[in-house]
Amino acid sequence: MVSQLNPQQLAAVTTLDCPLLVLAGAGSGKTRVITEKIAYLVKHGTPAKHIAALTFTNKAAREMKSRVGKLLSDKDLRGLTVSTFHSLGLEILREEHAALGLKKNISIFDEHDRLALTKELIKHGSESWDIDEAESYIWRIGRWKNLFVTPERAILEGQGDAQPAAQLYAEYVRHMKSYNAVDFDDLILLPVLLFHEHAEVLDKWRNRIRYLLVDEYQDTNLTQYELVKLLTGKLGRFTVVGDDDQSIYAWRGAQPENLAQLQRDFPRLKVIKLEQNYRSTGRILKVANKLIANNPHVFEKRLWSALGYGDPLRVLTHKEEVAEARQVASDLLHHKFRHGTRFQDYAILYRSNHQSRLFERALREHAIPYFISGGMSFFGYAEIKDIMAYLRLLVNPDDDAAFLRVVNVPRREIGPTTLEKLGAYANRRHISLFSACFELGLQQSLGETAIQRLRHFAEWITDVADRAQRGDTFAVIDDFIVKIGYENWLRENSNSEDAARRKMGQVRELIDWLKRIAKEDEKEKSLTEVVSRIMLLDVLERNQEENAGDRVNLMTLHAAKGLEFPYVYLVGMEENLLPHQTSIEENTIEEERRLAYVGITRAQKHLTLSYCTHRKRHGEIMDCEPSRFLNELPEEELEWPERRALDPEQKKERAMDSFAAVRSLLNRS
DNA sequence: TTATCCAAGATTTTT
DNA sequence: TCTTGGATAA
């Protein structure tokens with residue numbers, strides 16, 4: 001099986017004596033290299049329990065697990081870690097919580113909880129904080145966490161305008177700790193801090209993970225890189241696989257520079273390039289190479305293919321966005337019938353989610369089945385958040401975010417004023433809202449009825465948590481959802497009976513999902529484990545099952561990374577859309593170019609690009625220019641009838657050409 | 001405490 | 001244009 005690898009892939013798999021960076025171009029078989037390498041390691045004396053492979057998404061981890069499963073026996077696989085960075089972080093935190101001063105029942109705060117906490121802190125805190133800046137403070141705090149900067153350092157080193165955020169950061173950390181909660185960034189940051197401070201703990205983990213593989217390495221941030229360095233130590237027993245041309249998450253803190261940094265930190269680093277592409281035709285790769293050549297590169301790379309040259313790429317021009325959607329839909333349908341393909345062979349890719357609506361409508365008009373990935377997160381639904389908050393509260397009653405979310409849902413006549421006073425009291429005493437409910441001192445700030453209501457709620461939570469702990473956890477959960485009359489509450493708060501039914505369906509789906517997670521793997525999981533596990537999962541896992549069936553794929557370019565389709569439509573190729581307007585303003589064109597590159601390299605056989613000359617934006621019809629990226633593609637590979645001379649240079653060339661043509665005609669006669 | 005209206009803002013979103 | 005959230009009135 002190893003013999004089927006090409007020479008570069010083989011070298012990547014068998015190189016064990018030095019740290020290794022694999023620069024894997026799009027479609028060059030990087031997942032294959034990682035999975036084969038895990039098998040190779042096991043067969044050459046490293047037990048699976050000492051190997052860890054890290055990915056960014058649960059989906060990638062799942063895929064990798066299943067592929068390794070085909071290469072190794074169950075016995076050989078035992079103890080292998082294939083997980084996301086965040087899951088590994090959670091595992092470390094759970095095992096080492098004591099060293100960090102945390103309790104075992106850790107809550108995970110999502111974006112929403114984070115915002116709620118921040119706003120709460122701003123309201124009760126220093127004058128220098130501005131509630132309207134909440135989002136930007138959060139962004140800054142996240143930045144610091146990703147750059148491995150502690151509050152102390154942020155305060156010391158922060159420039160004047162960063163000071164309020166730095167102060168808030170310190171306060172935020174303090175509160176999170178008292179809630180026994182962590183956010184997504186903490187799942188990486190806290191293990192790193194722990195390893196820095198406790199050499200013996202680090203040793204333990206280094207001994208456990210003796211070989212580390214990292215997928216999509218270009219997407220790591222500084223803290224994640226620090227974690228990799230700590231775990232692998234000076235020996236650098238690792239293989240990281242990445243592609244700087246597919247770095248599209250810099251806006252989320254990813255540092256593609258980590259690729260180059262590796263060479264400086266590990267002088268013995270070996271670099272192997274995978275340049276043979278097994279996905280696309282030669283022509284598609286030529287176009288992609290040409291486009292990405294406009295970006296600066298630390299490592300030069302040139303993809304090639306043995307799959308034949310293929311058809312020219314088409315560029316479709318449309319008058320406006322509705323026409324674009326309709327033409328793409330009918331073009332797709334014609335193509336399907338002419339070539340006898342399946343709907344699932346097609347993908348429509350766009351820059352931003354709102355573009356999907358038009359395509360949905362057009363596909364429906366043509367009775368074409370479709371499937372949208374991404375968009376609304378499962379955890380974006382209020383009913384899911386409510387139930388999750390209840391579950392979190394059962395696991396960890398000190399989780400204030402969860403407490404606030406559900407204390408009055410359904411209505412328990414505990415209004416904002418009561419909560420405000422309770423919050424102020426809890427804040428003074430440095431305790432959670434839940435604990436505050438039981439304190440005698442509360443009588444000074446709150447009336448008797450309010451206190452009674454709060455206590456009643458808190459006691460009820462304690463009681464349910466107790467029962468869930470002792471008895472059949474899920475029976476208790478089913479029971480409390482009925483008990484609180486959640487279904488009725490949904491009915492009262494929905495526009496229609498239909499909507500209420502749908503929402504209740506979602507809740508049931510969540511509970512079923514929880515049950516499934518509790519039972520997966522050999523050992524039964526505790527509610528704590530299930531709840532934190534589910535906080536790290538999202539839409540994708542759910543969509544996984546729904547995606548069955550022969551349907552056209554609709555998704556953003558970000559969501560398309562890692563996927564491939566025989567026929568791809570890359571739509572909305574216009575200035576201000578791709579590249580996105582804000583990217584133009586902030587001058588982050590290179591990342592937009594990579595985004596276009598990712599889109600192009602998804603196509604196996606045929607790629608159609610499309611743009612509009614006019615588009616309605618925020619209700620107003622605007623003129624659109626074709627994307628600069630279209631002009632960067634080699635003209636001879638495109639079928640673009642409407643191509644107009646777009647930049648002055650080309651206009652000049654064009655003019656010269658026709659001038660020459662006329663002259664040669666004249667000369668002939 | 002809840003319903004309703006109006007203004008503002010509108011990328012991408014692995015966990 | 002459409003959604004969301006804040007302010008206001010009942």
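**Reading a protein–DNA model**

Modeller: Let's begin with the surface near DNA strand B, which has 6 nonpolar, 11 polar and 5 charged residues. Ala, Val, Leu, Ile, Met, Phe, Trp, Tyr, Cys and Pro count as nonpolar, Asp, Glu, Lys and Arg as charged, and the others, Gly among them, as polar. This is a predicted model, where local features need pLDDT of at least 70 and side-chain atom pairs count only at pLDDT 80 or more, while totals for chains, interfaces and linings use all residues. Residues are numbered from 1 along each chain, chains are lettered from A, and side-chain values use heavy atoms, without hydrogens or water.

Biologist: Which polar contacts reach DNA strand B?

Modeller: A polar contact is a pair of N or O atoms within 3.5 Å; within protein, one must be able to donate a hydrogen and the other to accept it, and residues adjacent in sequence count only if both atoms are side-chain atoms. Thr582 places a polar side-chain atom 3.2 Å from a base nitrogen.

Biologist: How many disulfides are there?

Modeller: A disulfide is a covalent bond between the sulfur atoms of two cysteines. With sulfur atoms required to be within 2.5 Å, the count is 0. For Cys612, the nearest cysteine sulfur, that of Cys624, is 6.6 Å away.
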